[in-house]
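Me: I've got a model open and I'd like to learn how to read its features. Can you walk me through it?

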Amino acid sequence: MTCRFKWQLAGLLLLASGNAYAGHASEMDAPGVMPHELMAGLVGLAAILLLAILTLAWVVWRLRGLDRRLRELEENRKD
């Protein structure tokens with residue numbers, strides 16, 4: 001099992017050490033990453049962050065609705 005992990009790590013290192021033949025990647029001190037790939041990564045992270053914020057807002061909205069409904073049921077039970 002350890003040997004398999006070493007071979008996978010070696011394969012990943014070989015893939016990560018490729019040269020960039022397009023764009024101005026060498027000017028950015030990142031020869032393996034081109035500017036459009038960096039921009040795509042940033043857009044992807046922004047989309048994930050926006051989705052997480054929207055999901056959190058939806059969960060809070062649902063919890064407030066459930067809390068309000070629970071309070072109404074408790075008030076009706078007391079009467």
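Me: How many of the 44 residues of α2 are buried?

Reply: Buried means under 20% relative accessible area, exposed means over 50%, and partly exposed is in between, with a 1.4 Å probe and protein chains only as cover. In α2 the number buried is zero, so this helix lies largely in the open. Across the 79 residues of the protein chain, 3% count as buried. Bear in mind that this is a predicted model, where local features need pLDDT of at least 70, side-chain atom pairs count only at pLDDT 80 or more, and totals for chains, interfaces and linings use all residues. Residues are numbered from 1 along each chain as its sequence is written, and side-chain values use heavy atoms, with hydrogens and water left out.

Me: How many helices and strands are there in the protein chain?

Reply: Both are DSSP runs numbered from the N terminus: helices are H or I with at least four residues, strands are E with at least two. Here you get two helices and zero strands.

Me: What should the 44 residues of α2 span?

Reply: The expected span is 1.5 Å times one less than the number of residues. For α2 that gives 64 Å, and its end C-alpha atoms are 64 Å apart, so the two agree.

Me: Which residue forms a salt bridge with Asp67?

Reply: Side chains of opposite charge can pair when their charged atoms come close. The rule wants a side-chain nitrogen of Lys or Arg within 4 Å of a carboxyl oxygen of Asp or Glu, and by it the count is two. Asp67 pairs with Arg71, with the closest N and O atoms 3.1 Å apart. They sit four residues apart in α2, so about one helical turn separates them. Asp67 is partly exposed at 36% relative accessibility, while Arg71 is exposed at 51%.

Me: And how far apart are the closest N and O atoms of Glu72 and Arg69?

Reply: An α-helix has 3.6 residues a turn, so residues three or four places apart point the same way. Glu72 and Arg69 are three residues apart in α2, and their closest N and O atoms are 3.7 Å apart. Glu72 is partly exposed at 36%, and so is Arg69 at 46%.
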